[in-house]
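Subject: Structure for you to look at

Hello,

Here is the structure I promised to pass on. Please open it and keep it beside this email as you read.

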Amino acid sequence: MINEMLSPANGAPLAQVPLMVFVFKVTERCNLVCPYCYFFFSEDQTHRDHPAIVPMGTVEGMLRFIHDAIERHGVKTVQICFHGGEPLLLKKAYFERVCNTLINELGDRCELRLTVQTNGVLIDREWVELLAKFSFSVGMSFDGDAEAHNRTRINRKGRGTYAESERGWRMLLDAAHAGRMPVPGVLCVVAPGQSGRQMFRHFIDNLNVRNIDFLLPDVTHNSLSATRKFVEQCGDYLIEVCEEWFSRADPGLRVRFIRDITKPLLARLDESIPAVLHPEVRLFTVSSNGDLGPDDSYRPLAMRFRDTGYNIARHRYADLQTSEFYQEMMQATTALPDACDGCVWRGICRGGEKKHRFSIRNGFENRSVYCSALYRLHSYICARLVQGGIPAERLDQRLQYLAEMKSSASMHHPAAAP
Ligand code: SF4
């Protein structure tokens, strides 16, 4: 019994991980050439050495890894996000075979959630049928209205792809409204200098989007493009989205970054944030060759995040717990950067997204490169909550509690903050 509770790798207790998420690189090629794409146009060019299409051997390796995690780490829910490149470059029959294999092997051992992130260009009736058959939650990448989208999301002939993506979006929406699949959502990369309000209105009023997130561009403290003006314009964009969202007073309209800020603020006074209390790294990227790493948007940061030395065919979750990248992620999740000491928003902002804290010199031990924008964003949201009737003293108490909240891992995990 005691042996089962100990990892053979380092003697540390086996982490219990109720949810495990995989970014699954089912293709490592794309039909578009979006200039900001971290996967194809950053220093990281490892995709060139990986299979264009995921082989069944990698699928089988992933199944072994997940079976082991279910047995040893109590995984109850497994989310697999079909990712690329463009995942719909898979042949449909092969896509169906991969899905059938995953469902046959995992369907009765855990709650299996299948999601896909696509540019939507290739969606046709058959794809809608397939995605509906397996109940995929579809995330579609849009960069705004037609003009904004066509500036960045371009095909190999240099042409914008808004019309194709819009057609695919409407087909998915029809299927969702007919009750055949979950309602799709949109992911939009913030473009500094554009109007967040205009883009938000376009999504809601023209595309009938009900579920959306806006991603800040992937820059770090070493990015030359991350100028003060760039950061301020990104902040303006997000605040305009918030203004528009608050003015609509529509609770069914979900904007993830707003929910991620308001939900912990409005929770019970002494309620903890799960990510801090249970910071075990639970999101992994599986490359088409089976290589394992953290969320793949960390790959451009440093070689240690893209060439981890771990592979789904040879390693288990317990092995990853001792890996350099896992421990660095744990440390960054549990410990706030010293530079955020004294900031009133540190309990909810937590230094910003880890990748935006990164510098070659200090790793994640910096405040976010978007700090000034995040400071304004949190101030704005709290002011709107107070205007909406939430007592300012309650928000103060909650912010204080969150800022002082300690991770349970930090008390016993060797890599976590003291
Ligand atoms: S607003 Fe800036 S200083 Fe405050 S927690 Fe966020 S990154 Fe740190």
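Below is what was found, starting with the ligand. Keep in mind that this is a predicted model.

**Around the ligand**
The residues around the ligand are Cys-340, Cys-343, Arg-346, Cys-349, Gly-351, Arg-367, Ser-368, Cys-371 and Tyr-375. By class, this shell holds 5 nonpolar, 2 polar and 2 charged residues. Two helices each supply at least two of the shell residues: H15 (346–349) and H17 (371–387).

**The cavity**
The count of cavities of 30 Å³ or more comes to 1. The volume of the largest cavity is about 30 Å³. Its lining is made up of Leu-216, Gly-235, Leu-238, Ala-373, Leu-374 and Leu-377. Of these lining residues, 5 are nonpolar, 1 is polar and none is charged. Helix H17 turns up again here: H17 and helix H9 (228–248) each give at least two residues to the lining. The largest share, 3 residues, comes from H17.

**The cysteines**
A disulfide is a covalent bond between the sulfur atoms of two cysteines. Next, Cys-110. Its closest cysteine sulfur, in Cys-99, is 14 Å away, so the two are too far apart for a bond. Cys-110 counts as buried too, with 10% relative accessibility.

Best wishes

Conventions
Residues numbered from 1 in each chain as written. Predicted model: local features only at pLDDT ≥ 70, side-chain atom pairs only at ≥ 80, totals over all residues. Heavy atoms only, no water. Near = heavy atom within 4 Å. Helix = DSSP H or I, 4+ residues; strand = E, 2+ residues; numbered from the N terminus. Nonpolar A, V, L, I, M, F, W, Y, C, P; charged D, E, K, R; others polar. 1 Å grid on protein atoms, 1.4 Å probe; cavity = no way out; pocket = protein on both sides within 12 Å on 5 of 7 lines; lining within 4 Å. Points joined across faces, edges and corners; volume = space filled by probe spheres on them. Disulfide = S-S within 2.5 Å. Buried < 20%, exposed > 50% of the residue type's maximum accessible area, 1.4 Å probe, protein only.
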